[in-house]
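Here is a short report for a first look at a structure. Please keep the sequence and the model in view while reading.

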Amino acid sequence: MLFKSYYEKAELELPDDMELREFAIQPFGKDTYVRHLSFSSPLELKNFIIENLPLHLFYSTAKYQIPSAKEMDEKGWMGADLQFDIDADELCEVRKINFCPVCGSEVDGEKCPKDNVETVEFTEITSDCINKALENALIIKDILKEDFGLNPELYFSGNRGFHVYVRCSGDCALLDSEDRKEIVDYIKGIGVPKYSSALPTDPGWAGRKAKGIQGVILDEEVTIDVKRLFRIPNSIHGKSGLLVRKIEESNFEFSTSLSPFSGYVTFLPYISGKFQILGENIEFSRGIPIKLDASIGVYAHLKGLGEVKLYVR
């Protein structure tokens, strides 16, 4: 109901050439995607979303002659945008907990030996870790702009990191996987000279090296894939309840402001313990209901820490 209420009023950020894009959703309760969808207008997409509520919502970085074709080689690839993916948990030592949702005990492995159910893995993403990912994303954005002359945009992924996105046309769109791998290697600092006598004010990698920047960690498979999916900005990330959002580096904060949900919930925890959620320290006692901001309660629910029992606007 919360997701549906949001999408009834949401203004999604869609490409001008949306009729050339493949769209995809992951429905609630499903592990697989519904792909090869095509829409000619924002209204047509919105009507589909309301009738087929998505847990996750994407469009393709690639442009196709026939985006609804069921086989990839029948779509008629016409080029693709550039996407770079930075995950906070690849940059930091994060706290991970495996626990049984039935008895609440921490468990080694994927099944609780006592209750014979699959365990839940919770990865705690802290504000400090997210900020480190943001620093990496900003370096990528700077490299693409200053060294390649591109116009990158920065997005919070809605969960644990950032996307740097370049809307491509012409030669940029036609870069193949090998070309994109060369860009990735350059961003990672592979093969870049040491510039031992450089100054921080020097352009390019010379100045970056002088500032102590050696390279950037990113998911290169995302960038080299010329048929990748991209999370639609202003959609909800189904693993967090947070919005995929275009950001300016000066105004980003990993907090409840990233959630579209207001009000509060009654939350029933599956586990006892202290957790940092959206920058706030929360303590749960297993089986004892707690009143939380809706943003925190939905986040904790989607992370498997418990369930929302009541929502009040």
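## A buried helix

In α7, the buried residues are Ala 294, Ser 295, Ile 296, Gly 297, Val 298, Tyr 299 and Ala 300. Buried means under 20% relative accessible area, exposed means over 50%, and partly exposed lies in between (1.4 Å probe, protein chains only). Helix α7 covers residues 294–302, and seven of its nine residues are buried, so it is largely enclosed by the rest of the structure. Helices (H or I, at least four residues) and strands (E, at least two) are DSSP runs, numbered from the N terminus.

What covers these buried residues? The cover includes α1 (2–9), β13 (264–269), β14 (273–277), β15 (280–284), β16 (290–293) and β17 (306–312). Contact here means heavy atoms within 4.5 Å. Gly 304 follows α7, and its phi is positive, near 85 degrees.

## About the model

This is a predicted model: local features need pLDDT of at least 70, side-chain atom pairs count only at pLDDT 80 or more, and totals for chains, interfaces and linings use all residues. Residues are numbered from 1 along each chain as its sequence is written, and side-chain values use heavy atoms, with hydrogens and water left out.

## An open sheet

Four strands form an open sheet in the order β6-β10-β9-β12, with antiparallel pairing. Two strands pair if DSSP finds at least two bridges between them. The edge strands, β6 (82–87) and β12 (245–246), each pair on one side only. Helix α3 (residues 127–146) packs on this sheet and touches β6, β9 and β10. The direction of α3 makes about 15 degrees with that of β10. Axes are lines fitted to C-alpha atoms, for helices over the stretch in contact, and angles run from 0 to 180 degrees between N-to-C directions.

Strands β9 (residues 153–156) and β10 (residues 161–166) pair in the antiparallel sense over four bridges. Phe 156 stands opposite Phe 162 in β10.

## Salt bridges

A salt bridge is a side-chain nitrogen of Lys or Arg within 4 Å of a carboxyl oxygen of Asp or Glu. By this rule there are 17 salt bridges. One of them joins Arg 21 to Asp 81, with the closest N and O atoms 3.0 Å apart. Arg 21 is in the loop between α1 and β1 (23–27), and Asp 81 is in the loop between β5 (77–80) and β6, 60 residues apart. Arg 21 counts as buried at 2% relative accessibility. Asp 81 counts as buried at 2% too.

Asp 147 and Arg 208 also meet in a salt bridge (2.9 Å, N to O). Asp 147 lies in the loop between α3 and β9, and Arg 208 in helix α5 (residues 204–210), so the pair ties together parts that are 61 residues apart in sequence. Asp 147 is partly exposed at 26% relative accessibility, whereas Arg 208 is buried at 5%.

## Aromatic rings

Rings of Phe, Tyr and Trp (its six-membered ring) pair if their centres lie within 6.5 Å; planes under 30 degrees apart count as stacked, over 60 as edge-to-face and the rest as tilted. The count comes to 19 aromatic pairs. Tyr 6 and Tyr 7 have ring centres 5.3 Å apart and planes at 70 degrees, so the pair is edge-to-face. Phe 275 and Phe 284 have ring centres 5.7 Å apart and planes at 40 degrees, so the pair is tilted. Phe 275 is buried at 3% relative accessible area, and Phe 284 is buried at 1% relative accessibility.
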